[in-house]
Amino acid sequence: MRPCLAILVSLGVIVFLLVGCSRPPVLSDETAGAATYVVASADPGYALSARDFYASFRKSTVQPTGGYVDQTAVKAFLDSLVVDTLQGYEADQLDIRKHYHDYWTYRLRYHDYLMQNYFEKTVYEKVSVDSLDVIDFFKSRPDLFAIPEQVDLWHILVLPIGLTSSRDSLYYRSLPPEEFEAQMKEYAFNIYRALCMGANFQDMAMRYSHDQGTKSKGGYQGWVTRNVYLPPFDSVAFSTKVGELAGPYRDKDGWHILFIGDHLQAGLPPIDREMFYQTASRTLQTSKSNEIGMKLMDSLRSGLQVDMNEQMLDTNIYLVGDSVWCGIVNKADTFDAQYLKNIEEAYRTRYKVPNTTPEIKREMMKYMAERFMVVQAARAIGLDTLKRIREHEQALRHETARSILDRNRYDMTWTPSDSAVRGYYQTHKKDFMVEKPLVVQQIVTSDSVFAEFLRDQADAGVDFLELARQHYPGDVTVRSELADLGAIGPKDVDPVFYNAALGTPVGQVSRPIKTKYGWQIIKVLKHEESKGLDQARGQIQMILTQQYKTSMLRQLQDRLFEKYHVRFPSKLGKVHLKPYADRNA
């Protein structure tokens with residue numbers, strides 16, 4: 001090889017290797033763990049690694065079927081992650097006190113959390129019960145725990161309409177009443193015989209029961225007391241032993257087959273059953289908690305001082321500004337009119353008045369004062385200084401700020417002008433025109449009666465193409481293709497055929513029609529119509545509104561990227577995802 005050529009070849013290899021080495025590695029479940037390089041950074045010290053990006057990406061619903069993700073989708077998700085983080089920074093800097101209603105809601109939620117923790121510490125943690133306490137309490141309170149006689153019921157029902165709408169509907173509809181009744185009875189007894197021979201009750205119920213409320217649950221009805229169902233239900237169900245079948249028996253609705261899973265007599269149920277023991281235990285704990293809690297509240301009330309705004313007592317609270325003060329609790333916390341508005345309707349309903357009176361408003365103010373009284377008691381024992389409480393409060397504050405910022409991303413009331421809608425329609429008119437509005441399937445026969453028979457079969461639930469495979473004339477191998485016409489327009493088929501299809505609702509089968517090919521029935525799978533401006537207006541408004549939102553979000557992204565000097569130090573290469581169902585397996 002000539003020296004100069006060898007040098008060129010060597011240089012070419014080096015360039016190829018350098019180019020190859022500069023390509024970003026593929027991110028996948030196997031490689032992401034070691035991908036610590038930074039793919040996005042911003043001035044507040046934010047740095048997003050490829051590993052963390054991939055961890056968020058695999059939790060998303062992007063590319064649910066898995067595989068390599070389009071680079072545009074990867075970049076869009078990366079940008080959204082950065083924007084979301086930067087909005088979090090801005091949320092932490094936002095003074096939510098300047099947004100009255102948001103701040104009010106935040107305080108209400110935080111105070112609820114403080115009160116909950118206060119009662120946990122001062123009441124619920126002090127309550128303990130042992131098994132003997134629970135048993136003694138249970139036996140002493142039949143007024144709380146006694147039950148009526150009841151059975152745990154599984155049920156299979158055979159109805160006349162269930163047979164006349166089944167796959168064999170033509171047969172059952174052809175029977176005279178006496179013979180139909182005999183066949184329905186035989187149908188029920190065939191199910192019963194199969195159960196007696198060991199068939200699974202749940203499977204049989206799901207396959208054969210006509211009770212739409214229970215068949216999907218394997219026929220499970222649940223616990224049933226006397227005097228609920230039609231006779232002779234009580235005499236049958238409550239005389240059948242646990243674990244045995246009952247029936248079939250007939251009432252005015254149809255034939256019934258029962259299975260009794262359990263039977264409880266009237267009175268106190270057996271306390272050794274977990275469900276009854278747990279109910280008694282929770283009731284006893286609640287009783288003891290209420291006793292301790294009432295004593296605690298009485299103690300707190302003894303020192304309660306409420307300074308009420310007397311001007312608020314004799315007025316309609318809805319005519320008062322939300323932030324007007326209504327009461328001061330123990331010289332420390334103020335509650336305003338918004339708190340009273342929040343409970344006004346409940347008190348009007350309770351006292352059946354069009355407007356709460358001064359006496360009722362005093363009661364309302366006292367109720368609100370007691371909320372703040374408990375909050376003050378929680379602060380007095382230092383609950384608000386605990387780490388988990390502070391973290392919860394900060395999370396609530398952050399969530400509130402994020403909500404405020406999200407609302408201000410764009411004008412929530414924005415709607416496109418009529419001229420914009422008209423302009424879009426004229427520019428995209430072809431998108432609203434449908435040349436082939438119908439998607440249909442057909443079956444051709446030589447006999448009108450047989451065509452009617454096939455239609456009945458299709459209406460009863462037999463698959464239309466399966467009927468075509470069995471009965472369409474011609475070679476068996478092409479019957480499905482001939483039956484499935486796909487999308488058609490008025491120029492594609494005989495006018496009689498098209499008009500019949502046009503008048504048939506989607507999902508239904510037409511009456512038999514006579515064409516030059518014979519007698520035909522048509523199943524309509526889809527019906528789309530061309531849209532004029534008025535019909536397309538709503539769709540266009542949605543499109544333009546989405547374009548507006550996308551534009552506003554792009555402006556937000558540009559502002560944040562500029563403000564925080566966002567950089568992308570390393571380029572993301574290909575990203576491979578597993579199918580969504582397997583990502584957390």
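In this predicted model, strand S4 gives the largest share of the lining of the second largest pocket, three residues. The volume of this second largest pocket is about 190 Å³. Its lining comprises 13 residues, and the closest to its centre are His155, Tyr229, Asp251, Asp253 and His256. Two elements give two or more residues to this lining: strand S4 (150-158) and strand S7 (255-264). By class, seven of the lining residues are nonpolar, three are polar and three are charged.

The largest pocket has a volume of about 250 Å³. Its lining is made up of Ala76, Asp79, Ser80, Val83, Arg409, Gln546, Thr550, Leu553, Arg554, Leu556 and Gln557. Helix H3 (71-93) and helix H21 (533-563) are the elements that give two or more residues here. H21 provides the largest share, six residues. The classes in this lining are four nonpolar, four polar and three charged residues. The general principle behind such a search is that rolling a probe the size of a water molecule over the atoms shows where empty space is left.

Helix packing was examined next. Helix H5 (residues 131-140) meets helix H12 (residues 274-301), with axes that come within 9 Å and cross at roughly 95°. On the H5 side, the contact is made by Ser131, Asp133, Val134, Phe137 and Phe138. On the H12 side, Tyr277, Ala280, Ser281, Thr283, Leu284 and Lys288 take part. Six nonpolar, three polar and two charged residues form this contact between H5 and H12.

An open sheet is built from four strands. Their order is S12-S11-S14-S13, and the pairing is antiparallel. The edges are held by strand S12 (484-488) and strand S13 (513-515). Each has a single partner strand, so one side of each is left without a neighbour in the sheet. From one strand to the next, the twist averages 40°. In general, strands of a sheet pair through backbone hydrogen bonds, either parallel or antiparallel.

Within this sheet, strand S11 (residues 438-445) and S12 run antiparallel and are joined by four bridges. Gln441 stands opposite Asp484 in S12. Helix H18 (residues 464-471) lies across S11, S12 and strand S14 (518-527). The direction of H18 is at about 30° to S11.

Key:
Residues are numbered from 1 along each chain as its sequence is written. This is a predicted model: local features need pLDDT of at least 70, side-chain atom pairs count only at pLDDT 80 or more; totals for chains, interfaces and linings use all residues. Side-chain values use heavy atoms; hydrogens and water are left out. Axes are lines fitted to C-alpha atoms, for helices over the stretch in contact, and angles run from 0 to 180 degrees between N-to-C directions. Contact means heavy atoms within 4.5 Å. Ala, Val, Leu, Ile, Met, Phe, Trp, Tyr, Cys and Pro count as nonpolar, Asp, Glu, Lys and Arg as charged, and the others, Gly among them, as polar. Two strands pair if DSSP finds at least two bridges between them. On a 1 Å grid over the protein atoms alone, a cavity is a set of points where a 1.4 Å probe fits but cannot get out, and a pocket is an open set with protein on both sides within 12 Å along at least five of seven lines; lining residues have an atom within 4 Å of a point. Grid points are joined across faces, edges and corners, and a volume is the space filled by probe spheres set on the points.
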